[in-house]
Amino acid sequence: MRCKFCESEAYIRLHYPKMLLCREHFIEYFERKVKRTIERYKLLKPDEKILIVISGGKDSAVTAYVLKKLGYNIECLHINLGIGKYSEESEAYAKRQCELIGAKLHIVRVRELLGAGIGELKTRRPTCSYCGITKRYIFNKFAYENGFDAIATGHNLDDEVSFIFSNIMHWNTDYLGKQGPLLPGEGKFVKKVKPLYELTEREVVYYALAVGLEYIVHECPHARGATTIEYKEILNAMEEKKPGTKINFIKGFLRKKHLFERELKEAPLGECKVCGMPAQGEKCSFCRVWGLEEAVGLKIK
Ligand SMILES: [Zn+2]
Ligand SMILES: [Zn+2]
């Protein structure tokens, strides 16, 4: 089985568009697609300083690798969640990935910053819920305090399609108006972009392997991703029968997104009295769950 463009042996069979590609031509295809995504959705400008939150997994590592290769000014941040062996392993992968990429890596450790790891806090909120609040707060504030213009995350096509699909299945449409490859910055919220928006999970795995990026495959021990995985399986089965289902679903969604935007009726944000970051009530949700009376500083010394 030969590559569509040269005599080399095929490395991957793409389903949509249908073609066989060798390793070199697949790498080229993947990077061109990221570049086109950035251009199509106007995600980044060439001179912007970009922060990539490196988890130790494949998606964020591939995002950093490609953006660096495309010539962007990137630095990476790893948030060590303080979840025993899982977090130690994740940090080790993040370090190795950044060495390979040749990117500067900053590390914030939740235990050092807040006195406890994720999973040890006494709160009524589910673990994944306050973990999400914690991560989003830290990477946004880190980016804001250190002058980054954008935060790039590793969400791929499968993540986006399954998220939107499951929200529609439950008619949980409140957040859909805010979904998309670009979330513009506003006030103390730094712009967020998703350069892998049009690439499938399978393509991301093959790319990581092709360029020699190693990554953690274990799920977080607190993960309750079971339903997401089920939705991904259903969507993969549909994609198998009708190639292009996922990308067409997401493109259709972007065309109809305005229908959901009307549903957003949020109270205007004030400032957290503890940390000064945007907040819905007196305190932001981060300072509330962690019971903070003093702001945490994330400025690079
Ligand atoms: Zn080839
Ligand atoms: Zn706060």
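1. Let's start with helix α9. Its buried residues are Lys246, Ile247, Ile250, Gly252 and Phe253. Keep in mind that this is a predicted model.

2. Staying with α9, the helix runs over residues 245-256, which is 12 residues.

3. Now the metal. The zinc ion (ligand 1) has four protein donors: Cys3 through SG, Cys6 through SG, Cys22 through SG and His25 through ND1.

4. Along the sequence, the zinc donors follow the spacing C-x2-C-x15-C-x2-H. Two of them, Cys3 and Cys22, tie together distant parts of the chain, 19 residues apart. Cys3 sits in the segment before β1 (12-15), while Cys22 is in the loop between β2 (18-21) and α1 (23-40).

5. Are these two cysteines buried or exposed? Buried means under 20% relative accessible area. Cys3 has 6% relative accessibility, so it counts as buried. Cys22 comes in at 3%, so this residue is buried too.

6. Finally, a word on the annotation. An unreviewed UniProt entry gives "domain: Rhodanese" for residues 14-95. In the model, that stretch is 51% helix and 23% strand, and its end C-alpha atoms are 31 Å apart.

Key. Residues are numbered from 1 along each chain as its sequence is written. Chains are lettered from A and ligands numbered from 1 in the order in which they are written. This is a predicted model: local features need pLDDT of at least 70, side-chain atom pairs count only at pLDDT 80 or more; totals for chains, interfaces and linings use all residues. Side-chain values use heavy atoms; hydrogens and water are left out. UniProt positions are given in the numbering used here, feature names are shortened, and annotations may be inferred rather than shown by experiment. Helices (H or I, at least four residues) and strands (E, at least two) are DSSP runs, numbered from the N terminus. Donors are N, O and S atoms within 2.8 Å of the metal (3.2 Å for Na, K and Ca); water is not among the atoms, so sites may look incomplete. Buried means under 20% relative accessible area, exposed over 50%, partly exposed in between (1.4 Å probe, protein chains only). The expected span of a helix is 1.5 Å times one less than its number of residues.
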